[in-house]
Amino acid sequence: MDEPKKPRKSYISFWLIALAVFILLQMFVFPRIFSQQVTQVSYDTFISMTEQRQIDQVEIESDQITFTDTDGNLYCTGVLDDPTLIERLYNAGAEFQSEIESDSTNPLLYILISYVLPIVLMVLIFRFFSKKMAERMGSGSGSMAFGMGKSNAKVYVKSTVGIRFDDVAGEEEAKELLTEIVDYLHKPERYKEIGASVPKGALLVGPPGTGKTLLAKAVAGEANVPFFSISGSEFVEMFVGMGAAKMRDLFKQANEKAPCIVFIDEIDTIGKKRDAGQFGGGNDEREQTLNQLLTEMDGFDGSKGVVILAATNRPESLDPALLRPGRFDRRIPVDLPDLQGRIDILKVHAKKIKLAGNVDFAAVARTASGASGADLANIINEAALRAVRMGRSTATQEDLMESVETVIAGYQKKNRVLSNKEKLTVSYHEVGHALVAALQSQSAPVQKITIIPRTSGALGYTMQVEEDEHFLLTKTELENKIATLTGGRAAEELIFHEITTGASNDIEQATKLARSMVGRFGMSEEFGMVAMESMQNQYLGGDANLTCSMETQTKIDKKVAEIIHTQYNRAMALLKTHTAKLHEIAKYLYENETITGEEFMQILNRPQIAQQPTA
Ligand code: ADP
Ligand code: MG
Ligand code: ZN
């Protein structure tokens, strides 16, 4: 935005012209005010001047009498109930007239000139200037989007932001997925030839500050096509009915400019779940806008090369209709960066400031665990600011470490950042799960373990992959699952001889599984094939309903506890025989924060290191 001045100037000249018009109108329509000095005199002076035949012209209005003397001076006086006045004036030979005739012009014309004309003029002038302004801003490059002018607002501007994928550090997964879109925009023919339809829309999801907006801009920069960017809130702020119109306009323009990218930031503001008329219909305006978006997405021809990107940090609140195939069916997760990612982001932003030669980015990144890309950019900037305050010309390691504190301190309240002790505990916990899973031949191997805190509240997590999808689970498989779930807690106890609150979700899941084994699947000797639970609301998450007596319930609870206990012991036994591996992998995870399934299996399968690592 490099032109806040120009609109201001236009406003000034607008007011100047308006003032000139006003003055001109006053001069022609109400000329008397500008003509000459009016002397106020008493009624008897007026009468005596009449008697002395000093009066030339008289104009009688309802509330005053104006008259001129023979020299042309203008006088005025009040009106009295004087029936003889006319006769006296006549005798004095004065020229006189009363109010209605005073404006000898046509009354309709009078109204037109004095009331309608100024309004019309004002409107014309205003429109002229707003059009001028819209043109000026429209031709400016660099401005991303603005709303102004006509009702269906021309808002989207081709922006030539030179952001490339290289400016986005980490987020390799997201970049890979987006590369396909870039490739499509480069060579749409290749895709057309084979008949492939590229996804119309991709949704970038992830916590705030992880670079979603940045990634979208990078896609535009890489693909080198027009980039229409608009934020969801811009649709909502508008007058009633404008949101939908604006949406239509956006897509119309995009279709004309294809191939191009349309980016809707913060799409959750318009894409929230529509609920069935709470409180008298809910937000109609937003719903209309959303409907328009859905219609437009269905309506346009994907092969023309319009790709729609959207970003949100609240994917769970989106209307399911938006996520349907043919709309935003491709989800691109943009997660908080891991250690390597943080180092890379720090390096990208460090290019913008002057740094001392001996800066250790890894050390900075390590202390800033849980920080987002935006936080890291902020850390670099804070370090530069601190260097200036200290009167230095380059930022040092100390500046960086200090600014981590400043940035993270404010941030710690909002988000969780793990202390080193916690990180260690979480590492062992997660590796405990994974190790138990991997050691049981039938259990799914892990795909990825991370101890980067999630926005969901989990401190770490183990992503498991099922080898092949199956719906029938054997009793052994169920038991193995329970053993895996207890593996986290078992590892904590084995290593630290202390247990934490971190296992609450595991416990919940294990209990659910064990309860189903007894109550629904008939997998216990005591009860055999007796159904003691029935499922309700299958499609809404499923609530289990107990259908047995209180005594039986007590027995079930006992049996459930027994199952879990047995599996816990089994998990513990497995971990005990592989304690060395547990240490080795947990240490790796602690240092790298993320470990992939391959790395995990590699460490697991490589020959034992002789010395015992210390915890
Ligand atoms: P989001 O849209 O996900 O909330 P932004 O894209 O607006 O986050 O990111 C805010 C700023 O943080 C960016 O302008 C950039 O300076 C910095 N940033 C975030 N993620 C990254 C990243 N992966 N690489 C480099 N800079 C990043
Ligand atoms: Mg954003
Ligand atoms: Zn766990």
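What kind of site do the four donor atoms of the zinc ion (ligand 3) form, given the angles among them? The site is irregular, with angles of 51 to 147° among the four donor atoms; four donors count as tetrahedral if all angles lie between 85 and 135 degrees, four count as square planar and six as octahedral if opposite donors are over 155 degrees apart and all others between 65 and 115, and anything else is irregular. This is a predicted model, in which local features need pLDDT of at least 70 and side-chain atom pairs count only at pLDDT 80 or more, while totals for chains, interfaces and linings use all residues. Residues are numbered from 1 along each chain as its sequence is written, chains are lettered from A and ligands numbered from 1 in the order in which they are written, and side-chain values use heavy atoms, with hydrogens and water left out.

The donors themselves are NE2 of His429, NE2 of His433 and two OD entries from Asp506, at 2.0 to 2.8 Å from the zinc ion (ligand 3). Here donors are N, O and S atoms within 2.8 Å of the metal (3.2 Å for Na, K and Ca), and water is not among the atoms, so sites may look incomplete. Along the chain, the donors of this ion follow the spacing H-x3-H-x72-D. Because His429 lies in helix α19 (residues 420-439) and Asp506 in helix α21 (residues 504-519), the pair ties together parts that are 77 residues apart in sequence; helices (H or I, at least four residues) and strands (E, at least two) are DSSP runs, numbered from the N terminus. His429 is buried at 5% relative accessibility, and Asp506 is buried as well, with a relative accessible area of 12%, where buried means under 20% relative accessible area, exposed over 50%, and partly exposed in between (1.4 Å probe, protein chains only).

Helix α19 also holds Glu430, which counts as buried at 6% relative accessibility. The C-alpha atom of Glu430 is separated by 9.1 Å from that of Leu589, although the two residues are 159 residues apart along the chain. In the loop between α19 and β11 (446-450) one finds Gln440, a residue that is buried at 5% relative accessibility. Leaving out residues up to four places away in sequence, Gln440 touches Asn480, Ala483, Thr484, Arg570 and Leu574, with contact meaning heavy atoms within 4.5 Å. Lys559 belongs to helix α22 (residues 550-577) and is buried, with a relative accessible area of 8%; apart from neighbours within four places in sequence, Lys559 is in contact with Val518, Ser524, Glu525 and Glu526.

Strand β9 (residues 306-312) is largely enclosed by the rest of the structure, because seven of its seven residues are buried. Val306, Ile308, Ala310 and Thr312 point one way from β9, Val307, Leu309 and Ala311 point the other way, and all are buried. In a regular strand the side chains alternate between the two faces of the sheet. Strand β6 (residues 201-205) and β9 run parallel and are joined by five bridges, and Ala202 has Leu309 as its bridge partner in β9; two strands pair if DSSP finds at least two bridges between them. Strands β8 and β9 likewise run parallel, joined by five bridges, with Cys260 standing opposite Val306 in β9.

Strand β7 (residues 227-231) has five of its five residues buried, so β7 is largely enclosed by the rest of the structure. Phe227, Ser229 and Ser231 point one way from β7, whereas Phe228 and Ile230 point the other way.

Ligand 1 is surrounded by 16 residues, the closest being Ala169, Gly209, Lys212, Thr213 and His349, where near means that one heavy atom of the residue lies within 4 Å. A backbone N or O atom of Leu214 lies 2.9 Å from an oxygen atom of ligand 1, and for Gly211 the corresponding distance is 3.1 Å.

Over the whole protein chain there are 24 helices and 15 strands, and buried residues make up 44% of the 615 residues. Among contacts in the chain with a separation of 6 or more, 71% are between residues 24 or more positions apart.

Note on methods: Polar contact = N/O pair within 3.5 Å; in protein donor to acceptor, adjacent residues only side chain to side chain.
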